[in-house]
Every structure is written in C-alpha cells, then in structure tokens.
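Dear colleague,

Please find below the structure that I am handing over to you. My notes on what was found in it follow directly after.

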Amino acid sequence: MGYVEDRYRQRLERNCCLARELGRPPRRPVWERIGISHEAYDRMVAGGQKWCPKCMTWLDRGTSFHRDRARRDGLSLWCKACHARRRR
C-alpha cells in the first residue's frame, strides 16, 4: 500500500470514528455516492473533469468552476451555472 492510499485509509477511519461518536452514519466516498467505481472516478479527475453535485454532471475543471482557496482542490463545490441559479 502506498503513502497516498495509507493516508486516505487513515482519514476514512478517523472520520468513521468521529461519526460513530456523534451517533451518525459514516460518510461514504464520493465515487460511492455518485454510483461509479473508484477507478472510473480517478480517470475522470485525471482527465480534467469535476463532479457538480447540484446538477449531477461531470464538467471541465478549468472553465466550469469558480476558484475557492478554502477548498482542498481549489475549486468551488458547485459549477458556475448552479451558483448563478442559486443567486437569482
């Protein structure tokens, strides 16, 4: 097991323990929530795509998402179109 996989496993275990302490079910990984395999998710991300959970589509990372330095990937959670609809 490589470093990245080990760190991911540790983070998942920590989140599961925290959720259990709070009496909530643990959060599933994003690829399980959207219904694809881990390998397919990695291929889409490596290809420059990002999932928008609001409109439930894969979109181009470079043009479809606002920048957000507070998030881990540096992009907003929702695409620009979903943000615009929400602001109206």
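A salt bridge is here a side-chain nitrogen of Lys or Arg within 4 Å of a carboxyl oxygen of Asp or Glu. The model is a predicted one, in which local features need pLDDT of at least 70 and side-chain atom pairs count only at pLDDT 80 or more, while totals for chains, interfaces and linings use all residues. Residues are numbered from 1 along each chain as its sequence is written, and side-chain values use heavy atoms, with hydrogens and water left out.

By that definition, the structure holds 1 salt bridge. Its partners are Lys-50 and Asp-73, whose closest N and O atoms are 2.5 Å apart. The pair joins distant parts of the chain, 23 residues apart: Lys-50 belongs to strand S1, and Asp-73 to the loop between H4 and helix H5 (80-87). Helices (H or I, at least four residues) and strands (E, at least two) are DSSP runs, numbered from the N terminus. Relative accessible area is classed as buried under 20%, exposed over 50% and partly exposed in between (1.4 Å probe, protein chains only). Lys-50 is therefore buried, at 9%, whereas Asp-73, at 32%, counts as partly exposed.

The largest nonpolar core consists of 6 residues: Cys-52, Phe-65, Leu-75, Trp-78, Cys-79 and Cys-82. Such a core is a set of buried Ala, Val, Leu, Ile, Met, Phe, Trp, Tyr and Cys residues joined through side-chain atoms within 4.5 Å. Contact, in what follows, means heavy atoms within 4.5 Å. Neighbours within four places in sequence aside, Leu-75 is in contact with Lys-50, Arg-61, Phe-65, His-66, Arg-67 and Asp-68. Ser-64, in helix H4 (residues 61-64), is buried because its relative accessible area is 17%.

Two residues of the loop between S1 and S2 deserve mention. Lys-54 lies in this loop and, neighbours within four places in sequence aside, is in contact with Trp-78 and Cys-82. Met-56 is found in the loop between strand S1 (49-52) and strand S2 (57-60). Its phi is near 55°, a positive value in a residue other than glycine. Most residues other than glycine have a negative phi. Met-56 counts as exposed because its relative accessibility is 58%.

H1 gives the most to the lining, with 9 residues. The lining divides into 18 nonpolar residues (Ala, Val, Leu, Ile, Met, Phe, Trp, Tyr, Cys and Pro), 13 charged (Asp, Glu, Lys and Arg) and 3 polar (the others, Gly among them).

With kind regards
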